[in-house]
Amino acid sequence: MKKLKKVNDPIYGFITIKSELLFSIFNHPYFQRLRRIRQLGLSELVYPGATHTRFHHALGSTHLMGLALDHLKEKGVNINEIEYESAQIAILLHDIGHGPFSHALEYSLIKGITHENISLQFMKMLNKEFSGQLDTAIAMFKNSYKRKFFHQLISSQLDVDRLDYLNRDSFYTGVSEGNISVDRIISHLDVIEDEIVVEEKAIYSIENFLNARRLMYWQVYLHKTALSAERMLVHLMSRAKEVHSLDNISPALKYFLENDFTLEEFQEKPEIVHQFSKLDDSDIWHAIKVWESNKDKVLKNLSQRILQRDLFKIKLGNEPLKKTDINALKAKIAQEFNLLNKEAAFFLSHGEVTNSAYVEGGKSIKIITKKGHLMDIAQAADLPNIKAMSKIVKKYYLCLPKNVSL
């Protein structure tokens with residue numbers, strides 16, 4: 001480029017976009033759409049500062065990828081220009097498939113299709129537009145590239161995605177427990193036998209990283225109030241689809257409420273992906289404001305509650321609810337709000353949430369000791385906390401209107 005492009009980021013300061021191709025993708029409408037998708041969905045109803053976007057996160061992750069590759073090159077890891085650029089492109093686009101409110105509507109508005117699947121379809125369409133220049137980036141994203149450590153930097157238990165979102169989400173929510181030593185962790189990465197490893201001297205920074213992730217899940221990502229709001233939003237979308245309340249909403253949202261697309265259709269019909277690229281948080285907020293005066297009682301009630309932050313209460317427990325208890329609660333809701341039983345189901349949510357900061361085996365975090373031995377971090381003798389963190393914690397939730405007694 002004639003002039004390096006710089007973007008000022010509140011977390012890292014000035015971020016440099018180092019290639020013309022990367023900058024062209026950065027400016028593409030598909031990527032710019034991420035400016036209109038909140039990183040943490042409806043968490044701003046709990047943490048008012050949590051208004052940052054997927055755009056912020058993607059840019060920050062790209063910056064950290066550059067730092068990681070620079071440090072690895074300094075340690076003698078051979079990384080050519082195409083690999084460097086491709087790794088940054090892959091992480092820039094890793095979340096481009098997110099729909100409105102990020103994870104909140106991933107399995108309701110677009111059923112059974114993950115954002116990773118949609119991200120890949122966006123990459124393929126961009127690759128066609130840019131004459132095959134994203135081939136290597138796509139291979140890295142899919143973990144089909146010959147050098148596997150690049151995929152580890154994109155998606156693993158210690159990737160630049162997690163390093164950015166923990167620090168960024170901590171900053172914007174004000175939850176200081178999520179703050180981690182990103183620079184120290186990145187500076188102590190290395191590649192041994194085509195695998196990302198961490199030097200032993202940074203072992204406590206990794207322990208802090210895993211502990212921060214565990215705490216951020218309970219305090220932010222699985223916060224009870226945010227979970228309640230998200231479940232209400234999921235039910236709201238389901239009800240709108242069921243009663244065909246499609247007047248006066250955006251064409252993009254109407255397109256997906258009218259149709260249930262399969263993954264195969266996303267893969268075979270570029271028009272579906274293109275329509276998805278027009279969908280963001282503003283479509284949902286506009287629809288909710290339209291539906292608050294809808295003739296359907298369920299749609300109207302849920303819309304008004306979300307707009308007024310009159311959220312359902314939520315209870316977490318260690319045991320799942322019995323079917324008889326669920327049916328009894330539905331009957332209470334139906335009586336309280338003068339609803340049919342099938343309508344009352346939209347006022348009740350139940351399910352499970354899990355939190356595991358670290359999973360042993362598979363894509364585990366490897367420590368390289370001073371003597372050159374590779375060791376899973378959970379096996380390190382002086383880190384008993386990691387063993388505890390590797391246990392999956394499961395809780396069951398029940399979400400319903402505040403005036404309905406349990």
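The protein chain here has 19 helices and 9 strands. Its radius of gyration is 23 Å, close to the 22 Å that the globule rule gives for 406 residues, so the chain is as compact as a globular protein of that length. Keep in mind that this is a predicted model.

Now the overall dimensions. The C-alpha trace spans about 70 × 50 × 35 Å along its principal axes. Of the 406 residues in the protein chain, 54% are buried.

Next, contacts. Take the contacts in the chain with a separation of 6 or more: 70% of them are between residues 24 or more positions apart.

The accessible surface of the protein chain comes to about 18,400 Å². Carbon and sulfur atoms account for 49% of that area.

As for charge, the chain carries 54 positive and 49 negative side chains. The centres of those two sets lie 4 Å apart.

Last, some strand pairing, and here I will stay with strand β9, residues 393–400. Which strands does β9 pair with? One of them is β5, residues 313–317, which runs antiparallel to β9 and is joined to it by 5 bridges. If you want a position to look at on screen, find Lys313, whose bridge partner in β9 is Leu400.

Strand β6, residues 349–355, also runs antiparallel to β9, with 7 bridges joining the two. To put the two pairings together, β9 is bridged to β5 and to β6.

Key. Residues are numbered from 1 along each chain as its sequence is written. This is a predicted model: local features need pLDDT of at least 70, side-chain atom pairs count only at pLDDT 80 or more; totals for chains, interfaces and linings use all residues. Side-chain values use heavy atoms; hydrogens and water are left out. Helices (H or I, at least four residues) and strands (E, at least two) are DSSP runs, numbered from the N terminus. The radius of gyration is taken over C-alpha atoms; the globule rule is 2.2 Å times the number of residues to the power 0.38. Buried means under 20% relative accessible area, exposed over 50%, partly exposed in between (1.4 Å probe, protein chains only). Contact means heavy atoms within 4.5 Å. Accessible areas come from the Shrake-Rupley method with a 1.4 Å probe; for residues, only the protein chains shown count as cover. Lys and Arg count as positive and Asp and Glu as negative; His and the chain ends are not counted. The place of a charge is taken as NZ of Lys, CZ of Arg, CG of Asp or CD of Glu. Two strands pair if DSSP finds at least two bridges between them.
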